[in-house]
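Please go through the points below with the model open.

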Amino acid sequence: MFARMANVKAWGTPAAGKPLAPMSIERREPGARDVVLEILFCGVCHSDIHQARDEWSGARFPMVPGHEIVGRVARVGAAVTKLTVGELGGVGCFVDSCRACGPCREGFEQFCDKGAAFTYNSTEMDRKTPTYGGYSAQIVVDESYVLRVPKGLDPAGAAPLLCAGITTYSPLRQWGCAAGTRVGVVGLGGLGHMAVKLAASMGAKVTVLSGSAGKEADARRLGADDFALTKDRGVFDKLANTLDLVIDTVSGAHDYNAYLRLLRTRGTMALVGLPTENASIRPGALIGKNKRLVGSMIGGIAETQEMLDHCAAHGIVADVEVIPVDAINEAYERTLKSDVRYRFVIDVATIKR
Ligand code: NAP
Ligand code: ZN
Ligand code: ZN
């Protein structure tokens with residue numbers, strides 16, 4: 001039996017930058033279209049750290065982070081048809097949206113004109129009820145915003161697909177990654193290692209650009225053909241004008257102009273990493289060869305399902321370090337030092353104890 005919805009065990013933070021600690025939260029009793037997930041695993045995204053420390057400002061506390069959620073369906077409302085009790089379900093970065101606006105109808109629910117209900121640090125669409133994320137024992141979500149986790153995917157390794165996976169799959173697809181495309185991946189962390197696996201599965205030739213010399217062997221094992229250590233400034237001359245598509249996953253301030261130089265004529269650099277600092281772009285870095293600089297934010301529900309199905313077809317999950325929840329504060333520190341191979345995932349059984 002699951003705990004009363006009013007007293008769900010969770011880990012979160014009471015205020016910006018405070019350590020995460022045990023807390024209790026309320027979840028609604030499931031309605032006719034709701035699914036109750038007993039959470040099994042929740043990935044630790046760098047965005048959790050940005051938000052728990054209020055680095056993007058406007059954060060709501062208390063905060064229970066976590067938007068890479070895989071759980072087992074424990075209960076379903078009477079009208080639910082998408083999932084049945086006992087199956088695995090996934091929840092990513094948002095749990096609802098208006099369903100009526102242009103972006104919602106076009107499958108871009110994350111850009112809902114009314115503002116999507118994000119999985120945490122947000123509210124439900126009533127704009128009053130706070131949302132709490134996946135560092136918790138259970139979550140209650142409308143079936144339309146729950147993903148089917150295909151059989152055969154390891155549940156711990158599948159959890160990071162719900163954010164790191166879709167965030168890199170979407171720009172690869174949008175900007176034409178296919179057999180023979182020369183893709184550069186900047187930063188080999190949670191997002192970066194998924195970008196490498198996914199681009200390689202689409203037949204791309206992948207170059208990893210990393211600040212960590214110790215990651216070369218991993219980059220090649222993950223599917224990269226080439227590895228460039230960015231501390232060696234010579235690599236920027238060597239790789240100039242060679243890449244069709246660059247996916248920049250870096251979480252901290254860095255010089256975008258140096259990476260734009262690596263694009264061939266009419267190439268595209270897609271930013272997914274979200275540092276807090278303003279960036280300086282030299283217009284000539286774009287104008288010289290009609291280059292494009294674009295951004296990309298997660299993906300809609302249909303595209304997220306497509307990504308999960310692609311991962312199942314290609315045998316792709318994240319490389320994870322599964323941790324007990326009481327290691328979460330240390331995991332944040334290690335993530336900040338680029339010391340994670342390549343995603344921490346909380347074993348949510350340790351929250352329920
Ligand atoms: P992560 O696991 O910490 O990986 C980031 C990697 O970037 C690090 O492993 C490191 O790779 C490199 N790096 C970090 N700081 C750097 C610096 N100052 N200069 C150069 N390289 C640096 O983080 P993540 O979970 O992949 O998230 C990455 C970023 O994407 C975060 O800002 C996060 O908020 C954002 N994000 C955006 C979306 C979206 O929808 N657009 C979704 C999820 C996350 P090397 O060791 O290889 O250098
Ligand atoms: Zn994320
Ligand atoms: Zn909408």
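1. Donors are N, O and S atoms within 2.8 Å of the metal (3.2 Å for Na, K and Ca), and water is not among the atoms, so sites may look incomplete. The ideal angle for four tetrahedral donors is 109.5 degrees.

2. Helices (H or I, at least four residues) and strands (E, at least two) are DSSP runs, numbered from the N terminus. Both Cys101 and Cys112 are buried. Buried means under 20% relative accessible area, exposed over 50%, and partly exposed in between (1.4 Å probe, protein chains only).

3. On provenance: this is a predicted model, in which local features need pLDDT of at least 70, side-chain atom pairs count only at pLDDT 80 or more, and totals for chains, interfaces and linings use all residues. Residues are numbered from 1 along each chain as its sequence is written, chains are lettered from A and ligands numbered from 1 in the order in which they are written, and side-chain values use heavy atoms, with hydrogens and water left out.

4. The zinc ion (ligand 2) is coordinated by Cys45 (SG), His67 (NE2) and Cys163 (SG) at 2.0 to 2.3 Å. The sequence spacing of its donor residues is C-x21-H-x95-C. His67, in the loop between α1 (46–52) and β4 (69–76), and Cys163, in the loop between α3 (155–158) and α4 (164–174), are 96 residues apart and link distant parts of the chain. Both residues are buried.

5. There are 3 aromatic pairs in the structure. Rings of Phe, Tyr and Trp (its six-membered ring) pair if their centres lie within 6.5 Å; planes under 30 degrees apart count as stacked, over 60 as edge-to-face and the rest as tilted. Phe94 and Tyr145 make an edge-to-face pair, because their ring centres are 6.2 Å apart and their planes stand at 75°. Phe94 belongs to strand β6 and Tyr145 to the loop between β8 (138–142) and β9 (147–148), so this pair ties together parts 51 residues apart in sequence. Phe94 is buried at 4% relative accessibility, and Tyr145 is buried at 3%.

6. Phe236 and Tyr259 are also edge-to-face, at 5.3 Å centre to centre and 75° between the planes. Phe236 lies in helix α7 (residues 234–238) and Tyr259 in helix α8 (residues 256–260), so the pair ties together parts 23 residues apart in sequence. Relative accessibility is 4% for Phe236, which counts as buried; Tyr259 is buried as well, at 8%.

7. How many cavities of 30 Å³ or more are there? The count is 1. On a 1 Å grid over the protein atoms alone, a cavity is a set of points where a 1.4 Å probe fits but cannot get out, and a pocket is an open set with protein on both sides within 12 Å along at least five of seven lines; lining residues have an atom within 4 Å of a point. Grid points are joined across faces, edges and corners, and a volume is the space filled by probe spheres set on the points. The largest cavity holds about 70 Å³, and its lining residues include Phe94, Leu147, Ile166 and Ile298.

8. Backbone geometry deserves a check at several places. Ile298 has a positive phi near 35° though it is not glycine; the residue is in the loop between β15 (292–295) and α10 (301–314) and is buried at 10% relative accessible area. Arg266, in strand β14 (residues 263–271), has a positive phi of about 65° and is not a glycine either; at 57% relative accessibility Arg266 counts as exposed. Cis peptide bonds join Phe61 and Pro62, with omega about 0°, and Arg341 and Tyr342, with omega about -15°.
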